[in-house]
Protein chains: 2
Amino acid sequence: MKQLNIGIAGLGNVGSALIQTVEENKNYFLNKTDVSLNIVGISAKTKNKKRNFNISNYAWYDDPREMSKNDQFDVIIELIGEEKGISYEIIELALRNKKHVVTGNKALIANHGKELFELANQYSLALSYEAAVAGGIPVIKTIKNSINLDKINRISGILNGTTNYILTKMQEDNLSFDEVLKIAKEKGFTSDQESKLDIGGYDAAHKLTILSTLCFKSNLNFNNNYIEGISNIKIEDINFAKKLGYKIKLISEACIIENKISNFTSPKLVQIDNPLASVDNALNAINIETVHLQNLFLEGEGAGGKPTASSVLSDLYDISQNEKFDNLGFKIDKLQNYEKYSSENIINSYYLRIMAEDKPGVLSSITNYFSDFNISVKKILQLPENSDVDKPIPIIITTHNVKKEKLSNVINKIESLDFVKEKIILLAIHDN
Amino acid sequence: MKQLNIGIAGLGNVGSALIQTVEENKNYFLNKTDVSLNIVGISAKTKNKKRNFNISNYAWYDDPREMSKNDQFDVIIELIGEEKGISYEIIELALRNKKHVVTGNKALIANHGKELFELANQYSLALSYEAAVAGGIPVIKTIKNSINLDKINRISGILNGTTNYILTKMQEDNLSFDEVLKIAKEKGFTSDQESKLDIGGYDAAHKLTILSTLCFKSNLNFNNNYIEGISNIKIEDINFAKKLGYKIKLISEACIIENKISNFTSPKLVQIDNPLASVDNALNAINIETVHLQNLFLEGEGAGGKPTASSVLSDLYDISQNEKFDNLGFKIDKLQNYEKYSSENIINSYYLRIMAEDKPGVLSSITNYFSDFNISVKKILQLPENSDVDKPIPIIITTHNVKKEKLSNVINKIESLDFVKEKIILLAIHDN
């Protein structure tokens, strides 16, 4: 019987759930693997705090780096979540001291993963991060072990639970962004600090960076991302989208176009019959498009203590079973520095909301610009919202596929017209 | 560099796609794994037949058993698909001759898997079967490697593409079962021989048997299944279900109730907002309910050459990487013989269609029986279908949760009433 001596740095939701899970499943794990999971040490910022487990069962470390240096430990689990700082130090020290590492830290992997994977590779160690992307959904392993021999064309998904909750709630209860954000904070779904990363799209982009690396061997480079958050999404647009058969979702997607990397996180209109459209509330989902499988769709709990702890446990299982560790699913020297695909070259269909004066000739004048620029309009929706003729009315236009650059030109023209009263709202439509 | 010498028995859709896939990805695989995939021999019933690869590149075996006995081979891939017979012989011989086996044969694993897994275990060999369940969806590995440390409460899904195609087509085009079956055969989705297994629910039940074993360590025992096919599904019921917010799907589900095993494959009403409801055409999907993950939902191509070949390839990858083979995800001596849970004890909500004379008092007389038996009715739908008073009209009733046994009693009573003109149609409703 082997023993896996574990140190846990960070005792938030995930860390606490992990301790419970490990203790509850100890015998089961032993029975299954002949390996005994043994939590030796724990560390967190504050020692004296109400917790759902007895901290005196474990050695307490005020400084988690001491665990990384201590020969007693076989695996260090980093759940602090700083983008660099102490999180990076713990991991680097652990690897240099020949310890396996499990982490749920997406920001760190997305920004500084490469040097850490190189270190892990150098010492033949595991640096596992199933918990870093989409909580309990085993997407990392699915890509690494099951479809990595297939050619992946695109990966797309809903990777942030908080923003998905906000958009769902806005639609369901007809509330504004600010109103729902307040509820989300009250419910503890997101804190002031986290909400910036969530709402700004950065958290999803961190995860997308990791997925994009696994799928396309693109070097871990957070700067490769185009990121647009959801704070400008208006309830009007959610309602117009609904009328047109779409839901607005924060979609992250990565693909290679003309040998360049395209990593996008932005709010998009998703057709109601697309599986991603029915991923509501805090759920996450990922669709992987490959040559052989066409679409493989995974949906589940994207966050929360227990689901994420379950991913950590599955990483511990792998560490207990293997002697070689293929942390990326391919050799690290295969990582490529892709150029970033220009967002202006993206071809997509779009939704536009134009706020214009309610007077004769406005609509035809606008549509003329589209035909002048040779942009094919799919649908037009003109709904007088009120009887007050002085107030601008919304004109909703959806386009067929068009190069972003071309559309930007038309938008500039139309925005300069005197009967157009506001900045045009532009959202991409997610194709199936 | 290691070499994996492969023999393929069976050159249908999957076998042919596999050969193409292996040849196309040879260098990629080598690069990734340092293992060279080498197809040495092939075997099929008919040698001279138009194929999408050149058979002269490989040694031809009229008798696939010769490959199983030949020391040249490291892995035998069985894709013939007989429930026992030659398929069993090939696998048994291969294992006895210390060769790894990969198979896509669900009927064989469901019926005779145990003795073969024991043999594989005895010789520390791989007996891999990702291709046996849900084509390209990596559900076997997901359960084995990612969520096997979690407690699984229930697994349910759509496991047969042909029946799902038929039900989708019936609903979309308002066609009868027979009409769509004809189309499915013409399109080559199913043959006369296969369609019996598909439509009868047996193919899905084979797959469920395997999933149920992985989830609950229940001994591979096909007799543990309750199976009801889709040939009695009427377009009327599909349309009434739609009016009530449901789609009819062939659902396979397994769970443990009161320490007994419940494996069910039957057509059920699935609420439109359940992810399973939007799994249309030939797609498959699986929902795994666990304590930690709540619901993990996987959807993808459930059949076809390329997706299934991709699963075979991922099994070859595992064989090339590992030295220990955990074929079931747990030790084989943990398999348990569960008693079969009685279907009469099942508690579920139901849909009933009662064809009754269109005269006063009929409805109240029927609903009185429900209240006499203390069965709580959720919804009643009475839609006169025609103006011909002599023809019976459908009365649709949905119930809240009720024990099947109790409902059967009421059904017997109601069917004996003189104004009830046909056998009552009864379908279970899939809860979320």
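How many bridges join strand 5 of chain A to strand 6 of chain A, and do they run parallel or antiparallel? Here are some friendly notes on that and on the rest of the model.

1. Ground rules. This is a predicted model, in which local features need pLDDT of at least 70, side-chain atom pairs count only at pLDDT 80 or more, and totals for chains, interfaces and linings use all residues. Residues are numbered from 1 along each chain as its sequence is written, while chains are lettered from A and ligands numbered from 1 in the order in which they are written.

2. The opening question. Two bridges join strand 5 (residues 100-103) to strand 6 in chain A, and these strands run parallel. Among the partners, A:Val101 is bridged to A:Leu127 of strand 6. (Strands pair if DSSP finds at least two bridges between them; helices, H or I of at least four residues, and strands, E of at least two, are DSSP runs numbered from the N terminus.)

3. In chain A, six strands make an open sheet with parallel pairing, in the order 3-2-1-4-5-6. Strand 3 (59-60) and strand 6 (127-128) of chain A each have a single partner strand, so one side of each is left without a neighbour in the sheet.

4. Helix packing. Helix 1 of chain A packs on the sheet and touches strand 1 (2-9) and strand 2 (35-43), its direction making about 160° with that of strand 2 of chain A. Helix 11 of chain A also packs there, touching strands 1, 2, 4 (75-78), 5 and 6 of chain A. (Axes are lines fitted to C-alpha atoms, for helices over the stretch in contact, and angles run from 0 to 180 degrees between N-to-C directions.)

5. The contact between chains. Chain A and chain B each bring 36 residues to the contact, where two residues count as touching if their C-beta atoms, placed from the backbone, lie within 7 Å. Strand 12 of chain A gives the most to its side, with eight residues. Three bridges join this strand to strand 12 (residues 294-301) of chain B, antiparallel, and A:Leu298 has B:Leu298 as its bridge partner.
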